[in-house]
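Me: I have a structure to read and want to learn how to go through it feature by feature. Can we start with how strands pair?

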Amino acid sequence: MNKGGAGSDPRGLSFPEVRVVEASAGSGKTYALAKRYVQLVLYLTRERKTPPIHTILAITFTNKAAFEMKERILRFLKELALGLMPPEEERRMLEGIGMPSAEAKQLAAKVIDAILHNYNYFQVETIDKFINSLLVSSAFQIGLTANFRIKTNAREYLALSLDELMDDAVSDKTLRHAFDDFLTSMLLVEARSAWIPREVVLDTLEQLWGEYNTYARHFIPPAKVPADMISVKQRVVEAVQAFAADMPEGAHKTFIKSVTGFAQAHQKGFRFSQGLSAYFEPGKNIPLTKALVLEARHEDLWAVIQKGFAAAAELEVRHLYDPYVRLWEYARQYLERMCVREDIMFLGELNAKARQVYEEGVAPEELYYRLSTRFEHYLFDEFQDTSRLQWENLRLLPEDGIAKGGTLFYVGDKKQAIYSFRGGDTRLFDDVRAQYTAPGYHPSCEVLSTSRRGHPRKLPPLCARTVGP
């Protein structure tokens with residue numbers, strides 16, 4: 001975020017700063033991130049006399065991407081230190097920080113030496129690995145020890161939880177009723193059949209487990225009594241009947257036929273599965289001839305009817321899925337007890353567990369203390385695939401860094417989003433930029449559209465030696 005005039009060099013550094021890079025396929029996202037890291041570390045090393053690599057955090061999505069970014073950063077530093085970088089590329093690298101080549105050469109060698117001696121502070125890592133680091137430092141708050149193990153086979157443990165549930169249902173009437181309701185909904189409401197329903201139940205629990213950990217929110221509790229749905233539907237029928245008896249003048253024939261037909265066919269209730277007229281959908285207006293205007297009493301009653309249909313639909317959906325949610329809540333409790341007993345956590349629930357830590361009021365300062373470092377500069381790769389939950393788990397750290405003179409830099413391409421099934425939200429790309437538009441701060445945006453894949457630069461081996469005087 002450039003805190004100053006709009007005429008500042010978009011390639012230069014300013015503090016605090018938020019910079020967004022929209023990069024299409026092959027236009028150099030990894031290059032942009034690595035270049036940004038090198039510029040930051042060189043500039044900060046000159047200012048602080050020692051390389052502050054522990055203050056920079058770069059986040060990627062995959063181990064492969066993290067490895068490639070580390071390799072590119074080290075290659076850039078090596079080329080600068082040994083004078084191997086092509087002149088034009090070196091000029092672009094250094095002009096944003098106003099640094100001459102001779103000084104960059106000395107500082108790059110200094111940074112490489114710091115990385116080699118403190119490699120654990122060279123933090124270019126996946127988002128899952130970083131979240132795991134947060135959880136290790138906060139293990140006590142989630143009921144585990146700092147030595148907890150990460151498992152990937154959640155289905156296996158869900159199956160064990162389900163088996164324990166079924167065993168306990170023999171003597172527990174509440175559990176037995178939950179299974180009865182589940183099987184009734186599966187067989188009669190959804191008309192699904194299975195010779196051995198255990199696999200169907202397990203598939204459902206696994207799906208709900210995935211949704212629960214994608215959004216870190218509990219499902220809506222089951223409705224108290226089905227009578228709520230019956231009374232709501234009855235009031236809707238009575239309202240439609242009243243409307244049909246006092247039809248507005250000039251209403252279209254198809255509308256009249258739909259409303260009166262419903263009023264005659266339903267006396268107490270109705271089923272959505274039978275199909276309803278599109279006129280009852282929220283937002284649909286009563287069609288009239290152009291010369292007529294709808295009277296207030298008709299308009300008010302029609303609004304009541306549409307709201308009634310919407311409320312009835314929500315209740316029916318909840319009633320349909322209540323047996324699944326109820327059984328899931330039991331399975332979740334059994335699963336969590338098993339995880340505490342065995343001191344394990346699943347890879348798919350890292351972000352949900354991190355949310356639990358934040359909800360207990362852990363501040364950035366406390367997290368820095370637990371991580372034994374304070375980050376000031378944040379770089380994010382493939383930001384279009386970041387989920388709301390992931391960003392909420394990380395958001396406080398960049399906010400704290402920027403408030404104290406740090407930076408946020410993220411790159412991505414909304415057209416290349418591939419993690420929507422894990423909650424990835426492309427809207428976050430623009431929402432985060434809008435979040436940092438406070439008076440006096442102006443986030444900068446750069447667009448990379450030229451593909452670099454057709455013109456690769458031949459690079460020297462990373463471990464090459466030079467022969468010189």
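Reply: Strands of a sheet pair through backbone hydrogen bonds, either parallel or antiparallel. Take β6 and β7 (residues 407–412) in this predicted model. Four bridges join the two strands, and they run parallel. Tyr378 stands opposite Leu408 in β7.

Me: Which residue in β6 is the bridge partner of Leu57?

Reply: Tyr378 is the partner of Leu57. Strand β2 is joined to β6 by four bridges, again in a parallel run.

Me: Which way do the side chains of β6 point?

Reply: In a regular strand the side chains alternate between the two faces of the sheet. Strand β6 covers residues 377–380. His377 and Leu379 point one way, Tyr378 and Phe380 the other. All four of these residues are buried.

Me: In what order do the strands of the open sheet come?

Reply: The order is β3-β2-β6-β7-β1-β8, six strands with parallel pairing. The edges are β3 (123–126) and β8 (444–448). Each has a single partner strand, so one side of each is left without a neighbour in the sheet. From one strand to the next, the twist averages 15 degrees.

Me: On to helix pairs. At what angle do α1 and α3 pack?

Reply: Two packed helices are described by the angle between their axes and the distance between the axes. For α1 (residues 29–48) and α3 (residues 87–95), the angle is about 60 degrees and the axes are 9 Å apart. That makes α1 oblique to α3. Their crossing is right-handed.

Me: Which residues of α1 and α3 meet?

Reply: From α1 come Tyr31, Lys35, Val38, Gln39 and Leu42. From α3 come Glu89, Arg92, Met93 and Leu94. By class, this contact has five nonpolar, one polar and three charged residues.

Me: How do α5 and α13 pack?

Reply: Helix α5 (residues 127–137) meets helix α13 (residues 364–371) at an angle of about 90 degrees. The axes are 9 Å apart. That makes α5 roughly perpendicular to α13. Phe130, Ser133, Leu134 and Ser137 in α5 touch Leu367, Arg370 and Leu371 in α13. The contact divides into four nonpolar, two polar and one charged residue.

Me: Is helix α12 mostly covered or mostly open?

Reply: Mostly covered. Helix α12 spans residues 350–359, and eight of its ten residues are buried. Among them are Leu350, Ala352, Val357 and Tyr358. Asn351, Lys353 and Arg355 are on the buried list too. Just after α12, Gly361 takes a positive phi of about 90 degrees.

Me: Why do Ala216 and Asp343 count as buried?

Reply: The cut-off is under 20% relative accessible area. Ala216 counts as buried because its relative accessibility is 14%. Asp343 counts as buried because its value is 16%.

Me: Where is the cis peptide bond, and what is its omega?

Reply: The bond runs from Phe15 to Pro16, with omega near -5 degrees. Pro16 is in the segment before β1 (17–23).

Me: Last, how many helices and strands does the protein chain have?

Reply: There are 16 helices and eight strands. The chain has 469 residues, and 45% of them count as buried. Now take its contacts with a separation of 6 or more: 80% of them come from residues 24 or more positions apart.

Definitions and conventions. Residues are numbered from 1 along each chain as its sequence is written. This is a predicted model: local features need pLDDT of at least 70, side-chain atom pairs count only at pLDDT 80 or more; totals for chains, interfaces and linings use all residues. Side-chain values use heavy atoms; hydrogens and water are left out. Axes are lines fitted to C-alpha atoms, for helices over the stretch in contact, and angles run from 0 to 180 degrees between N-to-C directions. Angles under 35 degrees count as roughly parallel, over 145 as roughly antiparallel, 65 to 115 as roughly perpendicular and the rest as oblique. A crossing is left-handed if the near helix is turned anticlockwise from the far one by less than a right angle, and right-handed if clockwise. Contact means heavy atoms within 4.5 Å. Ala, Val, Leu, Ile, Met, Phe, Trp, Tyr, Cys and Pro count as nonpolar, Asp, Glu, Lys and Arg as charged, and the others, Gly among them, as polar. Two strands pair if DSSP finds at least two bridges between them. Buried means under 20% relative accessible area, exposed over 50%, partly exposed in between (1.4 Å probe, protein chains only).
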